Amino acid sequence: LLSDRETVGSSNMEDGVSLKFRQQLLLIDENLVAEDVAALKFLCTDLLPIRKLENVKSAVDIFQLLMAEEYLKEEDTFLLAELLYRMKCHSLLKKLGYSKEKVQECLHEKGRVSPYRQMLYELSENITDDMLKDIIFLLQNYLPRRRTTLSALELLILLEKQGLLTENNVQMLEDICMNVSPDLLETVNCYKRTKGYTAGCNFPSFNVLQGDYKHTGEKNVFRLSFCLFLLLVSLPQQENTLPMKESSLFHTEHIRVFTSTQVNKIIEAVKLFSLSFLQKMTSYKMDGPHRGFCLVINNVEFNRSLQERKGSCRDAEELERVFTWLGLDVRTYTNLTSWQIKDLMQTWQHLKDHKDRDCFICCVLSHGESGAIYGTDEELVSIRMIMSHFTAKQCPQLAEKPKLFFIQACQGKDIQRPVYVEADARIPDLSSTQSNISPSESIPEEADFLLGMATIDGYASFRHIQQGTWYIQALCSKLQLLVPRGEDILSILTEVNEDVGRRVDRLGTKKQMPQPAYTLRRKFIFPIPRDPPPS
């Protein structure tokens with residue numbers, strides 16, 4: 001038996017749509033609240049007429065408009081799936097026969113929501129009520145005097161209607177973010193980098209100029225000069241050109257006169273280019289045919305006295321998802337003894353395929369003591385020994401390439417634990433005989449290594465038996481958040497420290513502080529993946 005709302009919604013939908021499909025749409029509508037409908041309207045702004053969207057009262061109204069424009073069909077529901085994905089309504093995707101992973105796979109080819117609209121929506125999601133009040137105060141001269149309470153999305157739409165905010169002009173948005181919360185500016189900057197933003201000027205793409213920076217000296221100066229030349233000739237010629245004298249050095253009919261606005265555009269574009277240029281010169285090369293291998297060693301069960309590391313599989317799965325998203329070939333190994341770990345390192349040490357890879361990453365999840373981790377046979381393996389297999393002498397294929405190691409293990413004795421938080425260390429009556437070793441002492445004495453430790457030496461690290469360890473979950477979360485913004489690995493690990501440092505166990509008595517150590521010579525920056533983060 002159909003409800004009244006269902007009957008009204010169905011009657012307005014186009015003929016030929018099956019009852020089953022209409023019921024699917026109505027089920028989705030019933031699971032969306034008013035804020036979700038507002039988000040749908042906003043994300044559809046570039047697809048549907050504003051006038052029609054203003055009359056929308058429910059999600060069904062939007063579905064009807066999308067069907068009328070043939071964006072939504074019974075045989076093709078991807079746009080709706082994309083909209084739900086953007087809104088993080090992942091549980092509703094299955095009603096359309098999709099999963100979050102399936103949508104992610106198709107976004108690059110079939111996605112319709114523009115990067116500009118995505119940026120604005122993400123920005124609105126991060127604007128708090130206090131920030132919104134400040135923004136409205138700053139913009140009071142641009143807003144209607146008799147205005148009702150505005151949401152962040154409504155405010156953005158109002159700015160767009162007044163022409164103060166467009167796809168090629170986000171200057172006001174930048175000014176607002178800088179005044180209210182500089183953290184919001186990162187979302188705008190990420191959009192500008194993705195778009196190759198040039199402030200409204202149709203400048204030529206710089207990709208050709210950025211391809212290879214192995215050359216130095218005169219060649220780089222030539223390339224920068226050539227870039228400036230392209231910028232100049234790409235600007236529209238003004239009517240008030242000045243004729244040159246016959247005695248001029250170059251026999252050209254006219255020279256160009258540029259307005260101050262055009263000069264500012266040139267300066268801004270050159271700044272963006274120079275930033276990218278310098279970044280390439282000071283960063284590790286990460287544009288090879290293959291990104292590299294990532295090993296994940298996940299020790300969960302141990303042979304004698306060490307407890308099972310419940311929740312560690314959650315960490316291993318998250319690492320695999322994130323590093324696969326970053327373009328690495330991930331290999332996971334579970335429950336290895338000390339000699340199996342050593343044998344595995346020797347195997348990967350001699351792998352010829354490293355030659356065509358940009359980097360190498362190894363993650364170890366286990367119990368540990370100062371400067372070492374445990375195999376499942378409860379024998380210690382030195383972290384320094386693990387890393388030393390990949391020095392330039394031992395593994396020439398990885399010479400001068402970044403090698404990253406992330407160790408999730410305690411570096412000290414166990415402490416009293418609450419019910420849901422455990423420590424990755426030996427139980428109290430099995431004390432370690434090793435002396436304390438700092439992370440910097442674990443790194444081989446040569447360049448291009450990074451060691452990310454879950455905790456400082458002598459202390460325990462913590463693991464939720466269902467959600468995984470504080471460190472690995474924070475690492476994966478920050479990689480997904482900050483890699484798309486172009487942040488380097490040390491900046492990301494600083495954010496990981498801040499994240500983990502704020503966490504406490506449920507009793508409020510246990511804390512943890514990670515510690516990175518490195519001999520990197522350049523910035524390590526992951527290329528921004530085409531696909532959105534996996535979670």
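These legends describe close-up views of the cavities and a pocket in a predicted model.

**View 1. The largest cavity.** The structure holds two cavities of 30 Å³ or more. The largest cavity has a volume of about 70 Å³. Its lining includes Leu123, Ile127, Leu132 and Ile135. Ala152, Leu155, Leu156 and Leu159 also line this cavity. Leu173, Ile176, Cys177 and Leu184 complete the list.

**View 2. Helices around the largest cavity.** Three helices each supply at least two residues of the lining of the largest cavity: α9 (129–138), α10 (152–161) and α11 (171–180). α10 gives the most, with four residues. What kinds of residue form this lining: nonpolar, polar or charged? Twelve are nonpolar, with no polar and no charged residues.

**View 3. The second largest pocket.** About 500 Å³ of space lies in the second largest pocket. The pocket is lined by 21 residues. Closest to its centre are Lys41, Leu153, Glu154, Ile157 and Lys161. The elements that give two or more residues to the lining of this pocket are α3 (34–43), α4 (50–53) and α10. Here, too, α10 gives the most to the lining, this time with five residues.

**View 4. Residue types and domains at the second largest pocket.** The lining of the second largest pocket divides into eleven nonpolar, four polar and six charged residues. Which domains contribute to this lining? Domain 1 (16–113) and domain 2 (118–195) each give at least three residues.

Note on methods
Residues numbered from 1 in each chain as written. Predicted model: local features only at pLDDT ≥ 70, side-chain atom pairs only at ≥ 80, totals over all residues. Heavy atoms only, no water. 1 Å grid on protein atoms, 1.4 Å probe; cavity = no way out; pocket = protein on both sides within 12 Å on 5 of 7 lines; lining within 4 Å. Points joined across faces, edges and corners; volume = space filled by probe spheres on them. Nonpolar A, V, L, I, M, F, W, Y, C, P; charged D, E, K, R; others polar. Domains from an automatic or database assignment.
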